[in-house]
Amino acid sequence: MSDISQSLELLVASLVPQARNKDALMKELLSHCQEILSQNHDTDLGHIAGLVKRHLLQSSASNSSSLRFTNLLSRLLDQPLLSRKYESILFLHSVASTSRRNNPIATFLPSVAPPPPKIPSTVTSPVDSSLASRAPKGKSKAALLREYRAGLGQSQLPEQLLLRDTLYLLQGISGKYVRLSLSDQDQQSRLIFVDDSTYLVPAPLRTLVHRLSEVGHLYSRVEAFVKDREGTAGVGMIEQSLCHHLQAQLTEYYRLIAVLESQTSMSPSADLDSKNIECNVREETGLTLKRLDVWITEWRLRMRMMSVCVEGARDAHGGALVNLIHSYTDNGDPFVRQFTDQLLEEVSKPFFSTLHKWLFSGELYDPYNEFFVSVNPGLAHMQYLHPSSLTGGIAQLSSDGGFAGLGGDSEDMSSERESGLRLWEAKYQFQKDMLPMFVGEAFGKKIFSTGKSLNFIRYSCHDSDWVATREKMGNTGGTLKYSDIAGLERSIDSAYLTASQRLFEVFIEKFKLLDHLQALKHYLMLGYGDFADQLMETLGPSLIKPAHTLYRHNLTATLETAIRSSNAQNDPPDVLRRLDARMLEYSHGEVGWDVFTLEYKVDAPIDTVLDPDSMLKYQKLFSHLWKMKRIEGALSQGWMRIAGGSRTFLRLPDFEYDWHQIRLVMAEMIHFIRQMQAYCHLEVIECSWTNLADFLNKREGDLDALIDAHRSYLDRMVKKVLLLSHKSGREESLLSQVRELFSTILQFRETTDNFYNYCLSESARRDQYKDAARGVHTGMQQGAQDQELRDALPTIRKLIRDYSATFSERAQGIVHSLQGHPDLDCRFLGIRLSFSDFYRSKKDHQLLQQRSS
Amino acid sequence: MSSRDSDRITSAQQTLDILYDISQLLNTQLDKETLATCVGMIENGVNPEALAAVIQELRRESAALNAQTGDGR
């Protein structure tokens, strides 16, 4: 006892420093302490561990400190030095709990802490005397029953044994008394209690074991999944990381099982220590099934979540799997929410690393097709084919500079053409069902476009340096994570902006898209008037010939002459190099006018915007405008002849009326064609061009937007220049009317030429007569020819009348249908053509005439 | 000093460390020295709960004394 008093003295000295100097106080305190110590505090031993855990659970919400305590406790038990470990723990706990009780805050706010999920015993203070009084009380009712049963020879299975089996079951292993068995029908394992004549398991315990074994069942499912995925090859990265996370969870689970097992193994020793104490006391010391149930509760929820994920992973894949997990984050249960958040953080890691690579370097690293962007396997190799052909093209450009490369490379150009737009549109595909929901579809589209742009810049535009620098910049910006969606959206936005901006820059500055578009406008749509005139003039004579007599080299030579002699020679050689004259496929009987076409060749990557389809449209436009130009040229030549020639040297008063008529009709034709041309060039082409130029100056949107803008520009022109109406089946009716009108004009022109020739010879004849009358003999008599000519006159006159009638009829028809055209611009063309209601009044006139006759 | 002694000392140290960890976990506010004393007492057969009561009592006394001296000044 002296030992204790010495220690007490030490304690008093350290805790109450004032007492060191005052002997009286010291003695008083010492005796006081002795008194307290001498009071009889009887308590049970194993109970205290549970109490401490409960205390810990109450003070901190997480399970970790309690687990840590269990861990420390088991380590303490290993230490051989102390003989009274439980007393020490009890002491510590008492100190802790009494100090807590003294804390006023804790007492005022007891309800804030969650109600203890643990041992469902009544709250007992450590100095509760009821526990102490229970021991000597004698046999309880339960003990009596047990004795009765033992007397009958069917004693209950001791809970310890059942407990051990249950622990096995938690790991998916059959125990000695409780077995797992696979029934054949539904692959579900069932619990079978081994019937034993000496032991019997009461129903409440059975249900308890059933409850507990649910966790074991779920565990075995999850574990089987993880094992299964470990073994097989070709498991997606997202699934791999899911497995990783599950494995980590299972490790945690193993730890719990191990702790629980160590607690059960504790119990028998406690049993030996207190052999004389009754059984109900022994139950307090270690683990019971009920306590196990409480311990497992949280894990049951977790296992359920995990097995749900596992079930989902069987048929979902990649992004869809992430989606599936994401759908649980909106759960109202905070536990489920937290668990899924945690899980998603892990599972979405490979997704985000793919995203990062895609977003900042335009590379798709997705070996298991899990990303929401998928590569088209047929086009995947194209990226490697492209740069080489591009460098070849550039080398060619620098070496031959001019037209030399025009003829030969049409073959490989056409093969290359395939790839430009197709590569852009079809190389990568957007897969909506793989898109994780937390990203959102608009952002998904942006991500898709960004990566596509980067990829395109890198491989098709041959600008990987820029992408590499961007990649470095992107790396410094921090990683993308599930928990930081706002940051993700910000970085997506910025990446999208820079990528599409850069693509615009590359297209406009490096590949001179604007130059090409302008060249198309100038050459194919006859924007360069002097060039078109020159070409018309030089080509005109040869185009009248049948198509099969035309040769390509002649055409290209003429084209070159036209370029050289017009302002077009100032255009950059790169543009001129691409211009080519060509003949379309011709059939028998066609003349050069029908088959001649100008062509503008584009190669990658410009052909992404100027794809073959749009080049076809450009050619269509060209042929129409070229026809119009031809008519205009023919008419102006004819007019010059009629207006000038007929007045100066054709002095034939009796043909004056005919000439007057011809001039009237021709003036009408010229008006018609001029209005038509003005409409095409001013109203349609220039207006559309302004729209496109506005868009290009703004530099907004990505390549898709650029392609769309160009398409709408082209479509608008095609629709309006060719006067297409939207009525199905009759789209080109107006166009064919206009073409017929053109041919009428040409025929008329031919007839006037004939008439002109007739007049010429007629006046020559008359001059001859006059000369003969004066006695001067000039030339031979051509009586027979004169007769022929004179016979031809009525047919010529008739033809002229006929053609002018057809022309005005057709023009009227065109104006009429233009006035009912759905397109406003076309309707306006109708108004311009019959500005003073010329055709309408004519029509009324005709109607009146018809009525009167 | 024999190796056995040193073993004993290290194991004692370990035990004390573990106990100290637990005490930290439980927030008992005992320092290591006090803890060692208390554990020694418990090993000598003192009732732990009573000892805890003693600790509380002493703390209370100390607080009261502090208050007194604070008042006196």
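**Exercise 1.** At what angle do the axes of helix H15 and helix H18 of chain A cross, and within what distance do they come?

*Solution.* This is a predicted model, in which local features need pLDDT of at least 70 and side-chain atom pairs count only at pLDDT 80 or more, while totals for chains, interfaces and linings use all residues. Residues are numbered from 1 along each chain as its sequence is written, chains are lettered from A in the order in which they are written, and side-chain values use heavy atoms, without hydrogens and water.

Step 1. Take H15(A) as residues 334-361 and H18(A) as residues 441-460; helices are DSSP runs (H or I, at least four residues), numbered from the N terminus. Axes are lines fitted to C-alpha atoms over the stretch in contact, with angles from 0 to 180 degrees between N-to-C directions.

Step 2. The two axes cross at roughly 55° and come within 7 Å. H15(A) is therefore oblique to H18(A), since angles under 35 degrees count as roughly parallel, over 145 as roughly antiparallel, 65 to 115 as roughly perpendicular and the rest as oblique.

**Exercise 2.** Describe the interface of chain B and chain A.

*Solution.* Step 1. Chain A brings 50 residues to the contact and chain B brings 43. The buried area is about 4400 Å², with 74% from carbon and sulfur atoms; this is the accessible area (1.4 Å probe) lost on putting the two parts together, summed over both.

Step 1. Of the area that chain B buries against chain A, 16% comes from Leu25(B), Leu26(B) and Glu49(B), more than from any other three residues.

Step 2. Helices H1 (3-25), H2 (32-43) and H3 (48-72) of chain B each supply at least two residues of the side that touches chain A. H3(B) gives the most, with 16 residues.

Step 3. Across this interface the rule finds zero salt bridges (a side-chain nitrogen of Lys or Arg within 4 Å of a carboxyl oxygen of Asp or Glu).

Conventions: Contact means heavy atoms within 4.5 Å.
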